[in-house]
Amino acid sequence: MQTSIARALSSVTLGHPVSFDNLTMFPLVGPGPVDQAPWYLTLDEAMALEWTEITEVSAEGRVPELRVVNRGPQPVFMLDGEELLGAKQNRVVNLTILVPAESELTIPVSCVEVGRWRVRSRAFTSAPRTQYAAGRAKRMSQVSRSMQMKRGRMSNQAEVWADISEKSSRLGADSPTGAMEEMFSRHADFTERCVETLRPVDRQCGALFLISGQVAGFDLFDRAVTLRRLLPKLVRSAAVDALDGASRRSDIHGGRDGDGELVASGSDARSAALQGCHRDPAARESALQFLAAVRAFVPHVSPALGLGEDHRLVAPHVAGAALIHDEQAIHVSAFTL
């Protein structure tokens with residue numbers, strides 16, 4: 001019997017890829033119904049309407065949990081890895097959640113700012129990004145193992161902090177509070193050029209990213225509108241990983257300036273040359289093989305926090321998860337470990 005994840009992936013096709021520097025996006029193009037309006041709001045939409053508020057769970061706060069209040073008449077879609085800024089420290093959401101209308105939830109999160117535990121604001125705001133893709137993959141795998149062992153929906157917080165510290169150092173983006181946001185701020189020119197180039201196409205409901213020809217992972221949504229609203233966040237996050245890959249190559253090939261700063265790839269000449277990489281049939285074949293492998297997994301299923309069911313993929317080299325509601329895949333994601 002086909003799983004909900006397999007049905008969702010079988011319904012999409014790979015579109016024509018587009019690249020900027022060493023980052024390539026294959027659009028995941030869906031059937032006609034994906035153009036229908038979603039029956040939920042994204043977190044950014046709900047917060048703009050002031051229907052949804054996210055705060056610490058108490059005056060004292062708890063690192064792995066936050067309080068979400070949805071006062072609106074529609075469910076709110078919170079994406080795995082979506083970053084929340086403010087309050088006592090910045091966090092990312094541990095898994096995709098559909099917060100029911102007119103409800104309150106305590107949600108699991110991971111800290112992405114180790115050096116701050118003081119109030120910056122009463123409530124959180126939503127950042128224009130998700131956690132970088134490699135970090136999402138590791139945390140997703142940790143959360144899946146935690147759920148399998150019936151220990152809740154928890155990440156390994158020490159490993160999350162260590163991963164951010166190592167990546168920040170490679171990207172020359174250390175900050176006084178060890179905040180993940182610093183690497184996005186420091187390299188905003190590169191990430192925004194990626195966003196400008198990797199734009200959605202008609203009926204695109206998902207995006208599969210490759211970095212230097214290697215599959216990083218994908219996100220697939222039930223609606224094209226959802227993809228369009230969230231794609232810039234996903235591109236920025238994949239772009240940081242692409243830049244990290246470039247920084248490792250720069251270390252090997254001496255690509256640093258006189259002050260030892262990373263020389264960002266992305267010059268017009270080099271970008272133009274690398275635009276041709278996406279025409280490599282090997283890249284398309286790698287993408288297709290990754291999607292086929294994810295389709296073949298049998299997920300571990302449990303009730304979701306909020307609406308639907310959580311379907312988790314646990315494998316040695318792949319981390320994956322899906323939120324299923326009424327047997328329909330609202331969101332599917334999977335990453336190479």
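## Spaces, a sheet and a loop residue

The second largest pocket has a volume of about 400 Å³. The model is a predicted one, in which local features need pLDDT of at least 70 and side-chain atom pairs count only at pLDDT 80 or more, while totals for chains, interfaces and linings use all residues. Residues are numbered from 1 along each chain as its sequence is written, and side-chain values use heavy atoms, with hydrogens and water left out.

On a 1 Å grid over the protein atoms alone, a pocket is an open set of points with protein on both sides within 12 Å along at least five of seven lines, whereas a cavity is a set of points where a 1.4 Å probe fits but cannot get out; lining residues have an atom within 4 Å of a point. Grid points are joined across faces, edges and corners, and a volume is the space filled by probe spheres set on the points.

### The pocket

Twenty residues line the second largest pocket, and S11, D222, R223, Q328 and A329 lie nearest its centre. At least two lining residues come from each of helix 1 (4-10), strand 14 (214-221) and strand 18 (328-336), where helices (H or I, at least four residues) and strands (E, at least two) are DSSP runs numbered from the N terminus. Strand 18 gives the most to this lining, namely four residues. By class, the pocket lining holds 12 nonpolar, four polar and four charged residues, with Ala, Val, Leu, Ile, Met, Phe, Trp, Tyr, Cys and Pro counted as nonpolar, Asp, Glu, Lys and Arg as charged, and the others, Gly among them, as polar.

### The cavities

| Cavity | Volume | Lining by class |
|---|---|---|
| Largest cavity | about 70 Å³ | seven nonpolar, four polar, two charged residues |
| Second largest cavity | about 60 Å³ | five nonpolar, three polar, three charged residues |

The largest cavity is lined by 13 residues, of which A133, R136, F209, D219 and F335 lie nearest its centre. Helix 3 (133-148), strand 14 and helix 7 (224-253) are the elements that give two or more residues to this lining, and strand 14 has the largest share of it, with four residues.

Around the second largest cavity, the lining residues include D80, L95, T96, M140, D310 and R312, as well as H331 and S333. Two or more residues of that lining come from each of strand 16 (309-314), strand 17 (318-325) and strand 18, the largest share being the three residues of strand 17.

### A buried loop histidine

H187 lies in the loop between helix 5 (181-186) and helix 6 (188-197). Is H187 buried or exposed? H187 counts as buried because its relative accessibility is 12%, buried meaning under 20% relative accessible area (1.4 Å probe, protein chains only). A polar atom of the H187 side chain lies 2.8 Å from the backbone oxygen of L171.

Conventions. Buried means under 20% relative accessible area, exposed over 50%, partly exposed in between (1.4 Å probe, protein chains only). A polar contact is a pair of N or O atoms within 3.5 Å; within protein, one must be able to donate a hydrogen and the other to accept it, and residues adjacent in sequence count only if both atoms are side-chain atoms.
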